[in-house]
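Subject: A structure for you to explore

Hi there,

Here is the structure I promised to pass on. Please open it beside this email and follow along as you read.

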Amino acid sequence: LSLAQQVKIKGRVVDNSNNEPLEYVTVYLNSTTFGAVTNQSGEFNISAPPGEYEIVVSYLGYTPIIHQVKAEGELPPFLFKLSASEELLNEVKVEAKRDISWYQNLKVFKDSFLGTSKNAQRCKLLNPEVLIIDFDPATGVLKVKARDLLKIENPELGYRINYLLADYKYSMFEHYLAYSGYPNFEEMQAGRAKMKKYERKRLKAYNGSVMHFVRSLRAQKLEEEGFVLRRLVRKPNPNRPGEEEIRRAREIIQAKGSDFILKEDDPLAI
């Protein structure tokens, strides 16, 4: 899009307690490459195509702000007031020392959060020190928070990523993982040949992904995009023995011991 078609999203960020401007606050549009950092006056200025966005305002030691905006026409300047996060400050004070278990839990977090594919294995979490890791051995639940934006580098796809981690919970016993957050992407600078290589790898990573499927489903273009959607219908097996018969058969097999070999003509095999 030409500059004439871009929408200006601008404003200031101040401390809620004294209205003093905050410098170096990260302000970006969720899941895009559009963002800025505030200057000495707390001002920011972002240019983006028209559309609906979530503005993410994040600063170390403060509670982040997520603000919905419909970017069209000439927008009035925004004023964001950040409040100090007492919760994170208290958690920092009681955070345990980084022993071997901390690093083990860090590996579990990275494998589940970044993934284990070839692309994921090359990703680097540049600032793991901002993580607050809490693992409960009794329940097998790992919870992770972050004091600041996670800085992630993906050299395979040519992106640097700022990620505001909103929530992370992994149950090792139930094999349940849930996390949410707000990413912003910055393209790595490279020569023309390498940029084309990045584009090919990004397209390869996108095709067949969950995002690709969801977008195709919303647009009702599953077949056009190469997806085949089938309905799985479960039907009861009329020849399946009843639960009581299965229970008796198990008891007979257990009584015969571990050396028992079930032959094809044995009634238990029918």
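Let me start with a definition: a charge sits over a ring if NZ of Lys or CZ of Arg is within 6 Å of the ring centre and within 35 degrees of the ring normal. You can find a case of this here, as Arg202 lies over the face of Tyr159, at 3.9 Å from the ring centre. Please keep in mind that this is a predicted model.

**The overall picture**

The protein has 270 residues, and 32% of them count as buried. Its secondary structure consists of six helices and 13 strands. If you take the contacts between residues at least 6 apart in sequence, 53% of them join residues at least 24 apart.

**The largest core**

Which residues touch the most other members of the largest nonpolar core? They are Phe109, Phe113, Leu131, Val144, Leu150, Ile152 and Leu165, in a core of 22 residues. Two or more residues come from each of helix H2 (100–114) and strands E9 (131–136), E10 (141–146), E11 (150–154) and E12 (159–171). Strand E12 gives the largest share, with six residues. There is also a second, separate core, which has 21 residues, including Val7, Val13, Ala48 and Phe80.

Apart from its neighbours within four places in sequence, Phe109 is in contact with Leu114, Leu125, Leu131, Leu142, Val144, Leu150, Leu165 and Tyr168.

**Rings that meet**

Searching the whole structure gives 11 aromatic pairs. Take Phe44 and Phe80 to begin with: their rings are stacked, at 6.1 Å centre to centre and with 25° between the planes. This pair links distant parts of the chain, since Phe44 sits in strand E4 (residues 43–48) and Phe80 in strand E7 (residues 78–82), 36 residues apart. Both Phe44 and Phe80 are buried.

Now look at Phe109 and Tyr168. Why is this pair edge-to-face? The ring centres are 4.8 Å apart and the planes of Phe109 and Tyr168 stand at 70°; planes over 60 degrees apart count as edge-to-face. Here, too, distant parts of the chain are linked: Phe109 belongs to helix H2 and Tyr168 to strand E12, 59 residues apart. Phe109 and Tyr168 are both buried. Ring pairs also link Phe109 and Tyr168 with Phe113, Tyr163 and Tyr179 into a cluster.

E2 runs antiparallel to strand E3 (residues 35–37), with three bridges between them, and Val27 stands opposite Ala36 in E3. E2 and E3 form a hairpin with five residues between them, and Ser31 in the turn has a positive phi of about 60°. E2 also pairs with strand E5 (residues 51–58) in the antiparallel sense, over four bridges. There, Tyr28 has Val56 in E5 as its bridge partner.

**Two backbone angles to check**

Most residues other than glycine have a negative phi. With that in mind, here are two residues to look up. Asn19 is not a glycine, yet its phi is positive, near 65°. You will find Asn19 in the loop between E1 and E2, where it is partly exposed, with a relative accessible area of 43%.

Gln220 is not a glycine either, and its phi is also positive, at about 55°. Gln220 lies in the loop between helix H5 (210–218) and helix H6 (243–256). Is Gln220 buried or exposed? Its relative accessibility is 72%, so Gln220 counts as exposed, the cut-off being over 50%.

Happy exploring, and write back with any questions!

Best wishes

Methods: Residues are numbered from 1 along each chain as its sequence is written. This is a predicted model: local features need pLDDT of at least 70, side-chain atom pairs count only at pLDDT 80 or more; totals for chains, interfaces and linings use all residues. Side-chain values use heavy atoms; hydrogens and water are left out. A nonpolar core is a set of buried Ala, Val, Leu, Ile, Met, Phe, Trp, Tyr and Cys residues joined through side-chain atoms within 4.5 Å. Buried means under 20% relative accessible area, exposed over 50%, partly exposed in between (1.4 Å probe, protein chains only). Contact means heavy atoms within 4.5 Å. Rings of Phe, Tyr and Trp (its six-membered ring) pair if their centres lie within 6.5 Å; planes under 30 degrees apart count as stacked, over 60 as edge-to-face and the rest as tilted. Two strands pair if DSSP finds at least two bridges between them.
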